[in-house]
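Hello,

Here is the structure I promised to pass on to you. Have a look at it first, and my notes follow below.

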Amino acid sequence: MTLTNRRATLLGILATSSLALAGCGPDAGGFMLPTSAGINEEYTRGFVMDDALIAQIKPGMDVQAVLTTLGTPSTTSTVGNRTFYYISQTVRRRFQFQDLSVIDQKVLVIYFNKAFKVERIANYGLQDGVPFDFISRTTPTGGEEQSFLRNLFKGVTKFTPFGA
């Protein structure tokens, strides 16, 4: 082998081994690559939490003052519209074709009394429960979920060959 070939081989080995060890750091949560190619995308969606604005919300404030300060909520309660939900999620996916996974979530909840004045404020995080799915890609069905096999066996047991 010539000197040039040896240097090229050595550089190739060094580059390959450094790439293999890149994800082995002390806080390595896995192999991390730049996001320019749709890999390891991480972004925040929903309401942008601003502590200075949230501190302005006090018990006894009117609904209009809350809307002026924080803006339109992400969603409201379905009965009476007396609860505002401001939702923020940080999501990640390792590769472009994978589903998004929620890695952080904050839900600011403002409860109103019957006179539509702020009663109390709550700030929930991901540790307080399951992720809040405010953009659902599915349509829920009523009743229990039916499987193919259950429907098949249900049909077989009710089979009457002579129609009686």
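Helices here are DSSP runs of H or I with at least four residues, strands are DSSP runs of E with at least two, and both are numbered from the N terminus. On that basis the elements of the protein run α-β-α-α-β-β-β-β-α from the N terminus on, with four helices and five strands.

A word on the source. This is a predicted model, in which local features need pLDDT of at least 70 and side-chain atom pairs count only at pLDDT 80 or more, while totals for chains, interfaces and linings use all residues. Residues are numbered from 1 along each chain as its sequence is written, and side-chain values use heavy atoms, with hydrogens and water left out.

Now the overall picture. The protein exposes about 12,300 Å², of which carbon and sulfur atoms supply 59% (Shrake-Rupley method, 1.4 Å probe; for residues, only the protein chains shown count as cover). Of its 164 residues, 20% count as buried (buried is under 20% relative accessible area, exposed over 50%, partly exposed in between; 1.4 Å probe, protein chains only). Among contacts (heavy atoms within 4.5 Å) between residues at least 6 apart in sequence, 48% join residues at least 24 apart.

Next, the cores. A nonpolar core is a set of buried Ala, Val, Leu, Ile, Met, Phe, Trp, Tyr and Cys residues joined through side-chain atoms within 4.5 Å. The largest one has 13 residues, and V66, L70, Y86 and I110 touch the most other members. Two or more residues of this core come from each of α3 (63-70), β3 (83-93) and β4 (101-112). A second, separate core has five residues, including I87, V107, Y111 and A122. Leaving aside neighbours within four places in sequence, the contacts of I110 include I57, V66, L70, F84, Y86 and V118.

Two rings of Phe, Tyr or Trp (its six-membered ring) pair if their centres lie within 6.5 Å; planes under 30 degrees apart count as stacked, over 60 as edge-to-face and the rest as tilted. That rule gives two aromatic pairs. F47 and Y86 form a tilted one, at 4.9 Å centre to centre and 50° between the planes. Because F47 lies in the loop between β1 (41-46) and α2 (51-55) and Y86 in strand β3, this pair ties together parts 39 residues apart in sequence. F47 is buried at 14% relative accessibility, and Y86 is buried at 0%. The rings of F84 and F112 have centres 4.9 Å apart and planes at 70°, so they are edge-to-face. F84 is in strand β3 and F112 in strand β4, so that pair joins parts 28 residues apart in sequence. Both F84 and F112 are buried.

A few local details remain. T83, in strand β3, is buried with a relative accessible area of 10%. S77 sits in the loop between β2 (75-76) and β3 and is buried too, at 14%. Beyond four places in sequence, S77 is in contact with R82, T83 and Y85. A polar atom of the S77 side chain lies 3.2 Å from the backbone nitrogen of R82.

Finally, F116 has a positive phi of about 60° although it is not a glycine. F116 lies in the loop between β4 and β5 (118-125) and is partly exposed, with a relative accessible area of 35%.

Happy browsing, and best wishes

How values were computed: Polar contact = N/O pair within 3.5 Å; in protein donor to acceptor, adjacent residues only side chain to side chain.
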